[in-house]
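User: Please examine the structure below and answer some questions about it.
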Amino acid sequence: MVTRVATARWSGPATRPAGGVVTGVGLALPGIDSGLELLAGAPARPAPPIDPAARLGRKGLRYKDRASVLALCAAADALRAAGLLGELGLTVAGERIGVVAATETGPIQTVCAASATLEEQTVTGLSPMDLPNASPNVIASTIAIRFGLRGVTMLFTNGPSSGLDALRWAATLLAARRLDHVLVVGVEVAEPAATDWLRARGLLADGGRALDGAVAVVVEAAPTALRRGAPALGVIGRYARRADAESATAAVLADSTEPGPPPRPPDLILTDRPLRANGTIIRDVGAAVGVAVGALGVVQCAAALSWLAEGDAGPVLAVSGPAAMMMLPAAGPRSAAGSGTAVLAGVP
Amino acid sequence: MITIEGTGALASVGRDRDAVFDALLAGRTGRARLRGFPARAFRAQHAYEVDDRGGTGLDRPGRASAWLVAAVRAALRDAGLEPGDAGSESAAADLPVIVGTGLGELRGVELWHAGQAPAQELDFGAALRREFGTTVSYTVTNACSASLYALAMAEDLLMLGEHDTVVVAGVDSITTSMYGLLDRVQLEPPEALVPFGRGRKGVLMGEGAAAVVLRRRDTPGPGGQPAPAPTRPLARPRSVARLRSVALSCDARHPTAPDAKGIELTMRDAQARAGLTPSDIDVVYAHGTGTPLNDEAEGRALASVFRPAPPGPTITAIKSMTGHTSGGSGLLSLVMALESLRRGEVPPVGGLAEVIDEVAGLRFAGGPGGGETRLGPPVAIDAGGRPVRRAQIDAFGFGGVNAVAVVEYPVPEPAGSGRPLPAGVG
């Protein structure tokens, strides 16, 4: 379904834009209909797994791996919400739209199943239709092919920072003028081999839930969004990768050497780590969707956009693995009084 | 201007850059019977594997990580940046490393699933952290153009002024799933990989790694910030080449088949970004996978771009000797292309007795009709009267992900005021 978390028109960033503006969101998360539900801090309502055929129609889904079709569901909604995809197809040149995807578990079921089939039945037991799915970037290229997105197409399998990394690279590709619009997609699957692997890696506790879903957002350069009259939902702010979450967070919150007023501290922190923060709300979106690994940063982005859509909401800090990123309001007056300085310290 | 200050590589044919290039020049192949996989499971029986398992039929996870670390270490040393010993404080710890790969450490997932190894990371961040103290690394999993995609990302970081030095690498080890599925779809199992050869049967996978150290040495591109002040020693002059451009695109047409038009547009984009034309290119390292579809599509694109500019570049395709090293192959080609520019010699395309019609009239190193492996006279001369040569490197992947890079050696001497030469000055 299309998630319209805000309809405000872009009128200039409230703080220095480090990256692009987000102009569309698409969710394919079981039991979750809006980004705000990601902030509940509790499991989503019980719901059946996402049914891609029900959302996209059956055509074109045959032989596709689950990660690709979940990603397609979220991508379609994000492109529509951003006004890049209409009834007659793309509304801008496909050459200027790229795909940056992030996953950890995407390829695992295909690879394990094919490898086991080889062992038991030799090569004759394999389906030739699985060939594209043995290459993890099938997720990004499937989206590119379905919607005719002919710009840069790439996939990060970079561990728990992948989602925020993908958002950062979207901003970098825009700044380098390789693209005008970037579809960022985070996807994870709860297929048997994938959840076994997450458990074996210590990323999923026994009895824990793994995400089986996807989130997509469209990021554009601010002038592009303005020219198109696209809804501006938030701005990608400062990003840092460091040795660990604490140092990345400190780097993002550090006093800026940039000109202008100092950045406003976050009102909300999204993290899956135990943190202490004075006067700042802390949420783990994983409580709602399950363990999200490489998709976490993109899920956090969707949650942040919902928060930012609420009146005078202040910036959001997302922390995912050893990466941290600020997400800023896209428009509207800044609050005179922020929520105070967030004091962060890891709790052992 | 972005310079390439250090390079490193290894593959089935050699354990370091010079050994690989010497083997390629000599036409030696890394092709051998399958070493680590149960041969009974496949029709195809050959691959171009790195022989480091310690015995036939044995396998272990983490091989790709080990090659990656070796290639990065060699590139850092070549650039004059001493990486230090594993675990010690390394001068390279704060350099971002962007790794392009087709399959990452998915072979480790297969071994874990078969109960033969514990579950380990899919990405290369942990290996780089252990070895060099690297805090910022990106694993870009992008099929067979991955390492040139990584190169473009580094180019962008440097041109935007976010870093002064970036390490780019490419690496792949073979998974049974990819080897098996390729085996499943090819009509007849190939015994060898013969790029652009008439009667070629298809692709065989190979293994290896390559790395380069990139650096920003002058003013920024559009939208970018000035280069940060250098904080590290500059490389020895021998190593310095220039990265002229990297073009990226996606065909958005077919899950596995390439598109000649998309490939041609990417080649033209790479040349245009460099401010060059087809006649400015001395040598092409083609993607050349030996599959009917790739070689037809790439061959048509090469012909369309270079036939109107005779005599055209010398073309080679090293997968005839290294096998298809997947996501790492683009950067492996690039490192070898730089050796060609330095030494004036181009490895022959192995086994190329007769070329396909699509590439008729193009000049293949070691190809039919006495294909020269010595480079001809350079097409450009710099302000100091030195010859300057350029190479184009192709890499294309499943999903139609295309990447083409252009490099130049030596770095042209500036004319007059310390500014780089206008592109194409001869």
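User: How far apart are the closest N and O atoms of the salt bridge that Glu162(B) forms with Arg168(A)?

Analyst: This is a predicted model, in which local features need pLDDT of at least 70, side-chain atom pairs count only at pLDDT 80 or more, and totals for chains, interfaces and linings use all residues. Side-chain values use heavy atoms, without hydrogens and water, residues are numbered from 1 along each chain as its sequence is written, and chains are lettered from A in the order in which they are written. A salt bridge is a side-chain nitrogen of Lys or Arg within 4 Å of a carboxyl oxygen of Asp or Glu. For Glu162(B) and Arg168(A), the closest N and O atoms lie at 2.6 Å.

User: How many salt bridges does the rule find across the interface of chain B and chain A?

Analyst: Contact means heavy atoms within 4.5 Å, and 61 residues of chain B are in contact with 57 residues of chain A. Across this interface, the number of salt bridges found by the rule is 4.

User: Which helix gives the most to the side of chain B that touches chain A?

Analyst: Helices (H or I, at least four residues) and strands (E, at least two) are DSSP runs, numbered from the N terminus. Elements that each supply at least two residues to this side of chain B include α3 (106-113), β5 (137-141) and α6 (176-185). With 9 residues, the element giving the most is α6(B).
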